[in-house]
Amino acid sequence: MDVLVLIGRILFALLFPGAGMGHFSQREMMTGYAASKGVPAAGLMVPFSGAVSIPGGLMVAVGVWPDLGALLLVAFPVPTAVLMHGFWRETDPASKANEQTQFLKDLSLAGAALALFAFFASAGDELGLLVLGPVFTL
């Protein structure tokens, strides 16, 4: 069981550090795109979202306070879904379908991160293959 949870943690978390690094390495382009979508304070929000997703993904994957890492990962995709992928604002059918897919993907990631938070906080120190156990107890 511990190995399956480790593999699942790694597979889930792989997306976040790479995406977060892009928020720094492509900051100017991403800030412009976020601003075009109406994100308030896009110049601050783009690096902030990178600063949340990188440690959150690493914490879940490596097993350092994975519950806290999972909470950080909930904080990233929910505002992204609402602010960046408002499919209800689109009039072009193809754009609407693409934005709806991205919106649902982000909500799914948030849901998985929230479920992982509950799992980590409930399992506590019984969950193996962690560097530092959960911070929270449910």
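I took helices as DSSP runs (H or I, at least four residues), numbered from the N terminus. I fitted axes as lines to C-alpha atoms over the stretch in contact, with angles running from 0 to 180 degrees between N-to-C directions.

The model is predicted, and I kept local features only at pLDDT of at least 70 and side-chain atom pairs at pLDDT 80 or more, while totals for chains, interfaces and linings use all residues. Residues are numbered from 1 along each chain as its sequence is written, and side-chain values use heavy atoms, without hydrogens and water.

**Entry 1: α5 against α7.** I looked up helix α5 (residues 66-75) and found that its axis lies 8 Å from that of α7, at an angle of about 160°. That makes α5 roughly antiparallel to α7 (over 145 degrees). I noted the contact (heavy atoms within 4.5 Å): Pro66, Asp67, Ala70, Leu71, Leu73 and Val74 in α5 meet α7 residues including Phe117 and Phe120. By class, I recorded twelve nonpolar, no polar and one charged residues; Ala, Val, Leu, Ile, Met, Phe, Trp, Tyr, Cys and Pro count as nonpolar, Asp, Glu, Lys and Arg as charged, and the others, Gly among them, as polar.

**Entry 2: α6 against α7.** I then checked helix α6 (residues 77-84) and helix α7 (residues 93-123), which pack at about 165° with axes 8 Å apart. α6 is thus roughly antiparallel to α7. On the α7 side, I listed Glu99, Phe103, Asp106, Leu107, Leu109 and Ala110 as meeting α6. This contact divides into nine nonpolar, one polar and two charged residues.

**Entry 3: salt bridges.** I found three salt bridges, each a side-chain nitrogen of Lys or Arg within 4 Å of a carboxyl oxygen of Asp or Glu. Lys37 pairs with Glu90, the closest N and O atoms being 4.0 Å apart. The pair spans 53 residues, from the loop between α3 and α4 to the loop between α6 and α7. Glu99 also bridges to Lys37, at 2.8 Å between the closest N and O atoms. Glu99 is buried, at 6% relative accessible area (buried means under 20%, exposed over 50%, partly exposed in between, with a 1.4 Å probe and protein chains only). Lys37 is also buried, at 19%, and Glu90 is partly exposed, at 25%. I recorded the remaining bridge between Asp106 and Lys105 at 2.9 Å, N to O. Asp106 is buried at 4%, whereas Lys105 is partly exposed at 36%. Shared partners join Lys37, Glu90 and Glu99 into one network.

Technical notes: Helices (H or I, at least four residues) and strands (E, at least two) are DSSP runs, numbered from the N terminus. Angles under 35 degrees count as roughly parallel, over 145 as roughly antiparallel, 65 to 115 as roughly perpendicular and the rest as oblique.
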